[in-house]
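Biologist: Please bring up the model, and then we can go through its charged side chains.

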Amino acid sequence: MNKEAILKNAQSWTQAPFDTDTITRTLALISADNEEFQESFYKDLEFGTGGMRGIMGVGTNRINKYTLGKNTQGLSQYLNEQFPNEQVKVAIAYDCRRNSKELAQTVADVFSANGIHVYLFDELRPTPLLSYTVKAKGCHAGIVLTASHNPPEYNGYKVYWQDGGQLVPPQDKAILDLINSLDFKDINFNGNADLVELLTEADDNTFIEDSIKAGKISGDVDRSRLKIVFTSLHGTSITLLPETLKRAGYSDLHVVKEQAFPDGEFPTVVSPNPEEPEALKMAVDLANKINADIVIGTDPDSDRLGVAVRDNDGNMVLLNGNQTMIAMTDFLLKQTDLKGTKNPFIGSTIVSTPMMHDLATAHHVECKEGLTGFKWIAKMIKDHPQQDFIGGGEESFGYMVGDFVRDKDAVTAALLACEMYAFAKANSSTTYQELLKLYVQHGLYQEKLVSLVKKGISGAQEIKQMMIDLRENTPKQIAGQDIVIVEDYAASTRENKHLHKTETLDIPKANVLIFYLADGSKIAARPSGTEPKIKFYISVKAPLDDVANYAVVQAQLNKKIDGILASFEI
């Protein structure tokens with residue numbers, strides 16, 4: 001959109017149906033004619049891998065009552081068209097972010113104005129509870145107001161379908177087409193209070209009970225011996241996770257008090273993301289002070305889980321998402337009676353560790369892979385009702401135990417992480433030692449994620465050009481190793497360079513490139529669907545003959561990763 005078109009777009013926000021405050025703020029932006037003005041109106045905010053997420057403010061490229069209202073109006077009309085002879089029902093939850101409660105009420109107003117019955121949580125709640133509630137209440141859809149681990153100026157809108165999973169094809173395109181056909185004047189904000197039913201703490205209990213049923217699998221171990229430090233990073237998990245652990249038998253639980261109160265400013269951390277060691281520093285410091293075994297940290301909407309455990313020298317180390325996924329999946333498979341299941345499978349994503357396939361082979365189950373985002377794992381469960389889903393995850397610190405929730409679930413996953421450690425401790429071991437044993441058995445996989453932040457209009461163009469260059473000027477080698485296979489998910493092709501053979505990928509299209517090298521290394525490039533970033537996922541592998549040699553082999557693999565990054569000039 002050129003400057004003239006941006007101005008015309010903004011000027012449409014200076015009159016009805018927009019309210020006085022929106023008009024005043026829009027006029028101020030037009031007058032300023034700065035970068036913020038350009039970015040607020042140069043495009044419509046788009047759905048990504050995790051729904052719609054963006055900076056709050058006025059404009060078509062911002063999160064506000066009008067952009068979310070338009071989404072909700074379109075979704076309302078779609079639901080009423082799809083289910084003409086039913087009382088359509090939706091559930092709405094929200095997190096701790098600025099304006100989340102107010103935006104949730106706006107969304108409830110639009111739904112109820114369109115004759116839809118709304119279950120609205122009266123206070124903030126974790127995202128997995130929303131997914132659970134959609135199924136438990138027989139809803140046709142669900143909404144959660146959250147921007148996950150993004151900075152404080154962000155908020156977002158995630159849409160769930162009848163199965164409790166996020167929107168996937170073909171519903172997503174049909175709904176987006178309907179939303180795009182609407183004008184802001186088409187939004188009906190005149191809510192019907194008679195159609196809004198508040199959900200309270202009493203509605204939490206069945207989720208907690210089912211979470212314990214799915215995650216408490218260690219048998220008769222003394223859970224009171226495990227000393228746990230937990231931080232909610234100012235988010236929603238404080239409402240459910242401590243109670244879940246205590247009911248499961250974990251009495252030695254220590255909450256980081258400075259981070260226990262919900263606060264969308266996230267005052268004690270640079271970023272409320274448990275993927276980052278800095279976010280868990282206060283929890284680790286407390287763990288060292290009281291000699292705790294394990295640290296559990298969750299992001300603001302409680303779908304991501306960070307786990308820190310003691311290494312062989314007694315130091316607290318943060319496991320990466322792939323390590324947590326591997327350790328929990330192996331433990332889950334060992335503790336589950338697979339003989340009582342139907343064609344069991346585990347789930348993962350194309351940018352996560354290939355070691356999930358090794359675990360599947362070892363336990364005689366199938367490993368299904370999907371695109372980035374838990375909506376694709378939920379779709380696996382929906383598409384294969386003749387098979388039993390055991391568990392699965394993705395490298396970005398998400399995990400799901402069983403199928404009673406259809407999104408990554410830090411509440412049940414936290415319980416599973418504690419069960420895993422309690423079982424190891426009862427057998428004179430640790431989670432860390434069990435992970436190293438898996439590396440000896442299957443090979444040492446070392447992964448690294450590098451995210452390059454490219455903000456604004458110029459950043460989006462730069463990311464776009466980087467992907468074009470990788471496609472059009474693919475090197476023959478990376479770090480001295482031949483590229484043997486190139487997977488282009490935008491073109492749905494898998495090209496074997498050595499055999500000069502191209503196959504079709506049987507997976508939905510996405511802007512992802514994956515390179516496989518002659519030595520087994522794997523490099524994926526992918527623009528984020530929810531943040532102004534391009535991400536590079538690197539996985540390398542080497543045999544590990546003994547846990548005593550872990551540090552040496554790990555150092556060798558890290559050197560190999562550095563060489564790959566240098567090839568990309570990162």
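Biologist: Which residue forms a salt bridge with Asp203?

Modeller: First, this is a predicted model, in which local features need pLDDT of at least 70, side-chain atom pairs count only at pLDDT 80 or more, and totals for chains, interfaces and linings use all residues. Residues are numbered from 1 along each chain as its sequence is written, and side-chain values use heavy atoms, with hydrogens and water left out. A salt bridge is a side-chain nitrogen of Lys or Arg within 4 Å of a carboxyl oxygen of Asp or Glu. With the closest N and O atoms 3.5 Å apart, the partner of Asp203 is Lys137.

Biologist: How many residues apart are Asp203 and Lys137?

Modeller: Helices (H or I, at least four residues) and strands (E, at least two) are DSSP runs, numbered from the N terminus. Asp203 is in the loop between β7 (196-199) and α8 (205-215), and Lys137 is in the loop between α6 (127-136) and β5 (141-145). The pair links distant parts of the chain, and the separation is 66 residues.

Biologist: Is Asp203 buried or partly exposed?

Modeller: Buried means under 20% relative accessible area, exposed over 50%, and partly exposed in between (1.4 Å probe, protein chains only). The relative accessible area of Asp203 is 23%, so Asp203 is partly exposed.

Biologist: Which parts does the salt bridge of Arg223 and Glu419 tie together?

Modeller: The side chains of these two residues meet at 2.6 Å, N to O. Both Arg223 and Glu419 are buried. They are 196 residues apart in sequence, so the tie is between the loop from α8 to β8 (228-231), which holds Arg223, and helix α14 (residues 410-426), which holds Glu419.

Biologist: Which helix holds both Asp330 and Lys334?

Modeller: Their side chains form a salt bridge of 2.8 Å, N to O. An α-helix has 3.6 residues a turn, so residues three or four places apart point the same way. Asp330 and Lys334 are 4 residues apart, about one turn, in helix α11 (residues 321-335).

Biologist: Which side chain of opposite charge is nearest to Arg62?

Modeller: Lys and Arg count as positive and Asp and Glu as negative, while His and the chain ends are not counted. Arg62 is found in the loop between β2 (51-55) and α4 (65-82). Arg62 is buried yet has no salt bridge, and at 4.2 Å the nearest side chain of opposite charge is Glu39.

Biologist: How many salt bridges does a search of the whole structure find?

Modeller: Some are joined in a network of Lys158, Asp301, Asp303, Glu394, Asp407 and Lys408. For the whole structure, the search finds 30.
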